[in-house]
Amino acid sequence: MRQCWGDFLKGAGAESHGVQVYEEAADLADSVASFLAAGFERNQPGVIVATPEHMSLFADRLGSRGWEFDRAESAGLLVTADAAETLATIVGRNGIERARFESSVTDMLNRVQGGPDARPARVFGEMVDLLCRSGRPRVADELERLWNALALKRRFSLLCGYRLDIFDPQAQAEAMPDICREHSHVLPARNYPRFARAVDSALREVLGPNHAATVYVLVSRELGHDHVPLAQSILMWVSDNLPTQSTQILASARTHYARPAA
């Protein structure tokens, strides 16, 4: 059974690791605010590791849900950190320094949890996105794995955000497979139903109805990634198996996704 993004935002359990691919920061901010506010309502504290620009946007969105930053911090429910500054402290010559990473994140978690056996926390981080946008996707993937390893020791769920063009051939061929592999929940586009319809229309348009139906069967049989939405699994599959036609499919899906609903 494929996972529901709304269920992840509301009831994220310990070790859950979600990712949203976005183009507009406002779309990411809505998810971050929903994710953290749902935790606050359950007395689950939050940690935000973000850029100053996004931090301001998150504060506005949380405020509109009745959770002011100052109020949450004074109640011991929130700790914030600058993503670029935190990243600078944990990256060494050969990639992420594991001990520095664990020390930095553990310190933030201790400030809201009090210890490893305390209430679960919710963390949003975008250090991985900064690494990808600076041309270091492999280091970003390494950092994702370290987050997952730490989640086995500490009680927290994690939400990441990647600013990517989901219809870009390189993104589908190179970035998205790694991103999907390291996360338990994936939202490839803010409006997923429209995204799924766009991918379906593009497949039928480029491949024809019969070949498109065959792709659905093959993807369902071969991948079986319940945590990855079907439309996203299909785009990765065609990028890997139909490289020539995948460019046309992605271009067509982009056009359909941008087209206003009838």
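1. Thr-86, Thr-89 and Ile-90 of α5 are in contact with Arg-100, Phe-101, Ser-104 and Met-108 of α6 (contact: heavy atoms within 4.5 Å; helices: DSSP runs of H or I, at least four residues, numbered from the N terminus). The residues of this contact comprise three nonpolar, three polar and one charged (nonpolar: Ala, Val, Leu, Ile, Met, Phe, Trp, Tyr, Cys and Pro; charged: Asp, Glu, Lys and Arg; polar: the others, Gly among them).

2. This is a predicted model, in which local features need pLDDT of at least 70, side-chain atom pairs count only at pLDDT 80 or more, and totals for chains, interfaces and linings use all residues. Residues are numbered from 1 along each chain as its sequence is written, and side-chain values use heavy atoms, with hydrogens and water left out.

3. The axes of α5 (residues 83-90) and α6 (residues 98-113) come within 8 Å and cross at roughly 140° (axes: lines fitted to C-alpha atoms, for helices over the stretch in contact; angles: 0 to 180 degrees between N-to-C directions). The pair is therefore oblique (under 35 degrees is roughly parallel, over 145 roughly antiparallel, 65 to 115 roughly perpendicular, the rest oblique).

4. In α6, Phe-101, Glu-102, Ser-104, Val-105, Met-108, Leu-109, Val-112 and Gln-113 are buried (buried: under 20% relative accessible area; exposed: over 50%; partly exposed in between; 1.4 Å probe, protein chains only). Seen down the axis, the buried residues of α6 fall within an arc of 165°, so they line one face of the helix (arc: directions from the helix axis to the C-beta atoms). Ala-99 and Arg-111, on the other side of α6, are exposed.

Notes: Helices (H or I, at least four residues) and strands (E, at least two) are DSSP runs, numbered from the N terminus.
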